[in-house]
Amino acid sequence: MAALLAFLALAPLSHADEQFDFASLNIPADGRIVVPVVEGESLSGIAATIDQRTNGALAVAAAEASFLGEANATVTLYGVAPYSRIDLIGLGTETVSRAAAENFGGTAASLLAETKGGSVQILWDVASADRDATAARVAFGYLLRSYRFDKYQSDKIDPDTRPVVRLLSNDNSQATFEGDLKHLAAGVFFARNMPSEPANVVYPQVFVDRAKELFKGLDNVKIKVLDEKDLQRLGMGAHWGVGKGSSRPPRLLIIEYMAGGDSPPVVLAGKGITFDTGGISLKGNDGMWAMKGDLGGAGVVTGTVLAAARRGAPVNVVALAALAENMPSGTATRPGDILTSMSGITIEIISTDAEGRLVLADAVHYGQVTYKPSVLIDVATLTGSAGRALGDDYAAVFGRHDDLIEQLTEASNVANEAIWRLPLDDSHFKQIKSEYADIKNSGAGNPGASVGAAFIGSFVAEDQAWAHFDIAGVDLLEEARPTVPKGYSGWSVRALDEYLRRHHQR
């Protein structure tokens, strides 16, 4: 219980208030149980054992429901003595991977969302599971899916009514959950919370304040904040140009987590538009409410570093959250204006609604010259084009360095957050040439996602290992996934975390 209370104190607001308990695998005598089922004509493994305890009633009930254990298929049975409730979740016929274990846990959470009091006992003993498909991963998936954002609702779920989730397994993975995965969940929750908040509550300075509070007391962390005067002093005309139309001035939040010795850091730069009206190039009303979520990239990079710092990862990583509110006013940047970026590259503004690439232009340049990173990655809800190309199954990734893209793709697949590479070549850079400045920020035609990537890439040295994540298609999900409820997903925290573990931890 002490570990649980410590976690709740550290976790962000509006997280899932779940209590987890790990114990060795002993078949429960009664109560609520969740049972994994490998696909087949007859029950096997732990499911067969439970069937014996029910004197064959479980197999009969499963057959009546036409349940064979197909991957992610479910059936819920009540009153099959001696159990009050049995949830069967299919695993399919393939080897059970880490992602499948997480999906199993998330599916269990969705089935049990309305359950109150007592305990839920999840039996995890699967012969076909690989060594990473542990009970800790099941708990992690359960926790991720249990997330909710009910902060502003009168009818909140009372955390005291939630059942204890008891993981029954012999894989001894509790320490992995307690010392690692619950901190990764906290990073994901931050990345979900920030876009879920309304823009009248969260604006650049509030984002800074929330982040500072979460990092308070963590070792090897330094936080710096560049305000509007600093942005102007440093010549960050692109970032300042986006934020100067708002009464809530822009910020560049810099979070350094240095626990990896003398190695150069990985720099993660995130687009943090706390509300995007489109500026003078005003958007239509339909869907504008969702522009409170245009800070998703900043949430992701901050959440990724938060996860690393909380678990004490031996890595050097820096988050740059480029924060601004894009508003129309008498002081706002206009179409046709020319801005000078920190790099000295001049930018003709064709549309003030192409603002995320502007704040990132200064952020990625600042990250390069300040930290000389081994790898630079930016994350942004940048273009609708990425979503139209890939739907909500993949985030788009772009870059010049094939080995880096391959590493990121592999890490993303393992982390259950798929990405897909889209093209970036010389033609996309040629499209953004301007007649009046060095480059223009919009109006360059199709393909929009590649053109947006080329704009950001114009501020990255060609020999700098760099990748651009466009998460616009996956940041806000209309339908729940096994480990992601409907709403803002925090997509890419898990992928970036896995990449850091594989390629940058000492």
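Is arginine 248 buried, partly exposed or exposed? Arginine 248 is partly exposed, with a relative accessible area of 27%. This is a predicted model. The points below cover an open sheet of 8 strands, helix H2 with its buried residues, the 30 salt bridges, and one UniProt annotation.

**The sheet**
- The 8 strands of the open sheet run in the order E7-E8-E10-E9-E13-E17-E14-E15, with mixed pairing.
- On average, neighbouring strands are turned by 20° against each other, direction ignored.
- Helix H15 (residues 448-457) packs on the sheet and touches strands E13, E14 and E17; the direction of H15 makes about 140° with that of E17.
- Strand E8 (residues 251-258) pairs with strand E10 (residues 316-326) in the antiparallel sense over 8 bridges.
- Within this part of the sheet, glutamate 256 stands opposite valine 318 in E10.

**Helix H2**
- Ile46, Ala47, Ile50 and Asp51 are buried in helix H2 (residues 45-53).
- These residues lie on the same side of H2 because they cover an arc of only 150° around the axis.
- The buried residues pack against strand E2 (31-38), helix H3 (57-64), strand E4 (83-92) and strand E5 (119-123).
- Gly45 and Gln52, on the other side of H2, are exposed.
- Asparagine 55 follows H2 and has a positive phi, near 55°.

**Salt bridges**
- Glutamate 18 and arginine 162 meet through their side chains at 2.9 Å, N to O.
- Glutamate 18 and arginine 162 each lie in a loop, so their pair ties together parts that are 144 residues apart in sequence.
- Glutamate 18 is buried at a relative accessible area of 1%, and arginine 162 counts as buried at 7%.
- Glutamate 102 and arginine 137 form a salt bridge at 2.8 Å, N to O.
- Glutamate 102 is in helix H4 and arginine 137 in helix H5, so this pair ties together parts 35 residues apart in sequence.
- Arginine 248 and glutamate 325 meet in a salt bridge at 3.6 Å, N to O.
- Arginine 248 lies in the loop between helix H9 and E8, and glutamate 325 in strand E10, so the pair ties together parts 77 residues apart in sequence.
- Glutamate 325 counts as buried, at 5% relative accessibility.
- One network of salt bridges with shared partners joins Arg98, Glu102, Arg137, Glu410, Glu417, Arg494, Glu498 and Arg502.

**Annotation**
- An unreviewed UniProt entry gives the annotation "domain: Cytosol aminopeptidase" for residues 351-358.
- Over residues 351-358 the chain is 38% helix and 0% strand, and the end C-alpha atoms are 11 Å apart.

Definitions and conventions: Residues numbered from 1 in each chain as written. Predicted model: local features only at pLDDT ≥ 70, side-chain atom pairs only at ≥ 80, totals over all residues. Heavy atoms only, no water. Pairing = 2+ DSSP bridges. Helix = DSSP H or I, 4+ residues; strand = E, 2+ residues; numbered from the N terminus. Axes fitted to C-alpha atoms, helices over the stretch in contact; angles between N-to-C directions. Contact = heavy atoms within 4.5 Å. UniProt positions renumbered as here; feature names shortened; annotations may be inferred. Buried < 20%, exposed > 50% of the residue type's maximum accessible area, 1.4 Å probe, protein only. Arc of directions from axis to C-beta. Salt bridge = Lys/Arg side-chain N within 4 Å of Asp/Glu carboxyl O.
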